[in-house]
Amino acid sequence: MRDAAPVSTPPRVLPPNDPRQYDDLAGEWWRPDGAFAMLHWLARARAAMVPPASERDALLIDLGCGAGLLAPHLAGKGYRHVGVDLTRSALDQAAAHGVTVIQADATAVPLADGCAAVVSAGELLEHVPDWRRAVAEACRLLRPGGLLVLDTLNDTLLARLVAVELGERLPTVPRGIHDPRLFVDARALAAECARHGVALRLRGIRPELGGTLAWLLRRLRGGDRPARTEPRIVPTWSTAVLYQGRGHRSG
């Protein structure tokens with residue numbers, strides 16, 4: 001009598017933007033060409049907006065820190081890097097990269113008002129059910145003169161087309177990682193930050209064309225060696241798809 005063939009378990013199908021996806025993709029965070037490749041590119045660009053700390057062990061709070069992809073790009077800048085995220089599997093990896101981790105919601109961080117010299121909210125706001133509450137929390141954590149840096153997707157038809165209809169069909173990009181209903185209108189975001197005392201300056205950004213095409217071609221060919229250099233994130237004239245924000249808290 002033959003042994004029964006092993007029954008394979010099909011991958012679970014989750015709703016768009018379901019946080020459980022990050023547990024399923026836990027092994028992808030630090031793969032340069034993995035599911036989160038573009039988050040590596042964005043982390044480098046976001047860190048470039050952060051100046052060296054003006055005092056020893058100034059606190060930088062990284063909301064939605066994931067596995068700590070910002071950490072290598074902050075090395076040597078003099079900050080105490082505290083990462084906040086809901087996903088334990090990601091936080092364990094962030095801790096292994098030198099981040100002090102807190103498992104918490106980005107809208108309810110158990111830290112004191114005005115404790116941070118810098119708050120980073122990278123690729124976070126388009127994933128939270130109430131981005132206004134996350135903005136209020138980021139601004140609450142900032143001390144007077146503190147710096148807010150962020151990047152997110154705009155609430156436009158073009159952003160839905162590029163990030164979801166096209167972007168989630170690229171190699172390695174997880175399907176359903178975004179819920180376009182949560183995308184963040186750039187003007188509304190600037191107004192909300194101003195309401196909390198942060199004058200946010202916005203600019204559009206995009207991956208550079210040449211490097212991105214080379215990366216994509218290599219992925220389509222099935223190359224298993226990461227590129228020597230990753231594509232850069234560069235400024236663009238329009239905020240219609242992806243944009244950065246940078247601003248200081250008044251007071």
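User: Buried means under 20% relative accessible area, exposed means over 50%, and partly exposed lies in between (1.4 Å probe, protein chains only). By that scale, is Asp18 buried or exposed?

Analyst: Asp18 is buried, because its relative accessibility is 10%. Before we go on, this is a predicted model: local features need pLDDT of at least 70, side-chain atom pairs count only at pLDDT 80 or more, and totals for chains, interfaces and linings use all residues. Residues are numbered from 1 along each chain as its sequence is written, and side-chain values use heavy atoms, with hydrogens and water left out.

User: Got it. Which residue forms a salt bridge with Asp18?

Analyst: Arg20 does, and the closest N and O atoms are 2.8 Å apart. A salt bridge here is a side-chain nitrogen of Lys or Arg within 4 Å of a carboxyl oxygen of Asp or Glu. Arg20 is partly exposed, at 40% relative accessibility.

User: How many salt bridges are in the whole structure?

Analyst: The search finds 14. One of them joins the side chains of Glu192 and Arg132, at 3.8 Å from N to O. Glu192 sits in helix H7 (residues 186–195) and Arg132 in helix H5, so the pair ties together parts that are 60 residues apart in sequence. Helices (H or I, at least four residues) and strands (E, at least two) are DSSP runs, numbered from the N terminus.

User: Is Glu192 buried or exposed?

Analyst: Buried, at 9% relative accessibility. Arg132 is partly exposed, at 39%.

User: Which residues are linked in a network of salt bridges?

Analyst: Asp113, Glu137 and Arg140. There is also a salt bridge between Asp155 and Arg160, with the closest N and O atoms 2.7 Å apart. Asp155 is partly exposed at 33%, and Arg160 is partly exposed at 28%.

User: Which strand do six bridges join to E2?

Analyst: Strand E1 (residues 58–63), and the two run parallel. Two strands pair if DSSP finds at least two bridges between them. E2 also pairs with strand E3 (residues 100–103), again in the parallel sense, over four bridges. Look at Val84 in E2: Leu63 stands opposite. In E3, the bridge partner of Val84 is Ile102. From E2, the chain crosses through helix H4 (residues 88–96) to E3, and this β-α-β crossover is right-handed. Right-handed means that, with the strands pointing away from the viewer, the path from the first strand over the helix to the second runs clockwise.

User: Where is Asp62?

Analyst: In strand E1. Asp62 is buried yet has no salt bridge; the nearest side chain of opposite charge, Arg46, is 5.1 Å away. For charge, Lys and Arg count as positive and Asp and Glu as negative; His and the chain ends are not counted.

User: Which side chain makes a polar contact with the side chain of Asp62?

Analyst: His81, at 3.0 Å. A polar contact is a pair of N or O atoms within 3.5 Å; within protein, one must be able to donate a hydrogen and the other to accept it, and residues adjacent in sequence count only if both atoms are side-chain atoms.

User: And which side chain does a polar contact join to Gln244?

Analyst: Arg203, at 2.9 Å. Gln244 lies in strand E8 (residues 242–248) and is buried, at 2% relative accessible area.

User: What about helix H2? How many of its residues are buried?

Analyst: Eight of its 11. Among them are Ala37, Trp41 and Arg46. Ala37 has a relative accessible area of 2%. Leaving out residues up to four places away in sequence, Ala37 touches Pro32 and Trp215; contact means heavy atoms within 4.5 Å. The C-alpha atoms of Ala37 and Val173 are separated by 8.4 Å, though the residues are 136 apart along the chain.

User: Last one. What is phi for Asp57?

Analyst: Positive, about 60°, although Asp57 is not a glycine. Most residues other than glycine have a negative phi. Asp57 is in the loop between H2 and E1, and is partly exposed at 45%. Glu123 also has a positive phi, near 50°. Glu123 is buried, at 14%.
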